[in-house]
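Visitor: I have some questions about how the terms are applied here. Could we look at the model together?
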2 protein chains.
Amino acid sequence: MVFAESIQKKFPGFETALTEQMELDAKFRQIPAGTELIRPGQFIRSTMLVLDGLVKVYREDGEGNEFFMYYLKPGDGCALSMTCMVGQETSNIAAKTVQDSEIIMVPLEKMDAWMNQYKSWYHFVVKTYRDRFEELLQTLDSVAFRNMDERLEFYLKRHYKTLGSKIIPITHQEIAQELNSSREVISRLLKKMAERGKVKLNRYNIEILDL
Amino acid sequence: MVFAESIQKKFPGFETALTEQMELDAKFRQIPAGTELIRPGQFIRSTMLVLDGLVKVYREDGEGNEFFMYYLKPGDGCALSMTCMVGQETSNIAAKTVQDSEIIMVPLEKMDAWMNQYKSWYHFVVKTYRDRFEELLQTLDSVAFRNMDERLEFYLKRHYKTLGSKIIPITHQEIAQELNSSREVISRLLKKMAERGKVKLNRYNIEILDL
DNA sequence: CTGATACAGTGACTTATATCACTGGTAAAA
DNA sequence: TTTTACCAGTGATATAAGTCACTGTATCAG
């Protein structure tokens, strides 16, 4: 029951019966950083829980533009793999590991069945929906109401919180992609932030000083 | 059982046992057009189903800007009143009737209890989450990837589909607000669309010709 | 060491959108 | 009727952001 134990560590709310059931029915996968977990338009047959590592969820339109939505940390579940199960290809969502990760894959039938059998699973699913919805709303807010400089700050803060480190290893190009902007714009805005003492710019990473 | 019957008409999936239970535990309210159902930051104690009419759900930031999210039609449920129940005031969401409406209010405890008791309720809630999530993603898409002209088209199409009428009774000012733009911009873009034969502009309303 | 490659900085310019200032028209209120 | 308020149209201008073209500079492969 090594597997069940490590689940319980990251998902403290789960009943023992549930974690044991998961040991039987779910798949446990080790996935290296940079792997695409969900490709846009893909048919999804199982839902995903993050046991360890970090997964980025983002949106892609047809023309190669992408747009950062949120991160999934250990203990998080993917609301999308719960909703998109019907195979509606309208949702062009992509997910990628940004760190080496350990993922639990739960088949959709089980996910459905457990809703009645395990109260903790039900609460987890509802909480997942709620949390993702909330994060999505915050993302929407920042695009709808804020300028690029504010969005950039918001983006960096989010990364800081998620990574728990003041050093954010990311290039200007990558930020530009995730905010659907262009590298030059991001470079210039970052420079302004650096002048105001908010960040320190290094090659390959950005250091948060005061946000 | 007049109430239960009218529920069944708009929510064909619901079991009879459920609709009868709703007759006992839910409140039925007639609400005139233009009424605010949810004020930003408000604490929510019950979830909302739309029996008749039309409800607009939108986002408000602190500075009087608003932003259209989606409509709730008869047969729809409000995912937000399901998620925001915890009373997190971060989500500044507002909902307003745009037509005279009939709303069913389900207390949150019941909504929770019914999940286990009625399979059709469970499916309804999950479907509601899924649908709202999807709509929210589409909205996000249009802000993130599209220019104002495309967003305007998308907005008009959505209204056309929701209202089922080619005549959309709305002012330029109102559109500007919901897209978080300005009246002049909307006027100019509408004019261009009119020149291309896509719409016909009238005072107080816009007629869809070819979208 | 040498080239190749990716990251970053920057000036010049374009474009989309926002803002300001004003006009005229319609409808309802006084 | 006159007045007022709201809707819509439009030119001029400002600003944010995107695009183009170029430079410098680390890092890595050969």
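**Contacts to the DNA**

Guide: H172(A) has a polar backbone atom 2.8 Å from a phosphate oxygen of DNA strand C. The model is predicted: local features need pLDDT of at least 70, side-chain atom pairs pLDDT 80 or more, while totals for chains, interfaces and linings use all residues. Residues count from 1 along each chain as written, chains are lettered from A in the order written, and side-chain values use heavy atoms, without hydrogens and water.

Visitor: What makes S181(B) a polar contact of DNA strand C?

Guide: A polar contact is a pair of N or O atoms within 3.5 Å; within protein, one must be able to donate a hydrogen and the other to accept it, and residues adjacent in sequence count only if both atoms are side-chain atoms. A polar side-chain atom of S181(B) lies 2.6 Å from a phosphate oxygen of DNA strand C, so the pair qualifies.

Visitor: Which base atom of DNA strand C does E184(B) approach?

Guide: A base nitrogen, 3.0 Å from a polar side-chain atom of E184(B).

Visitor: How many residues surround DNA strand C?

Guide: 19, with H172(A), K191(A), M148(B), S181(B) and R188(B) the closest. Near means a heavy atom within 4 Å.

**A helix in chain A**

Visitor: Why are the buried residues of α2(A) said to line one face?

Guide: L18(A), T19(A) and M22(A) are buried, meaning under 20% relative accessible area (1.4 Å probe, protein chains only). Down the axis of α2(A) they fall within an arc of 95°, so they line one face. The arc uses directions from the helix axis to the C-beta atoms. Helices are DSSP runs (H or I, at least four residues), numbered from the N terminus.

Key
Buried < 20%, exposed > 50% of the residue type's maximum accessible area, 1.4 Å probe, protein only. Helix = DSSP H or I, 4+ residues; strand = E, 2+ residues; numbered from the N terminus.
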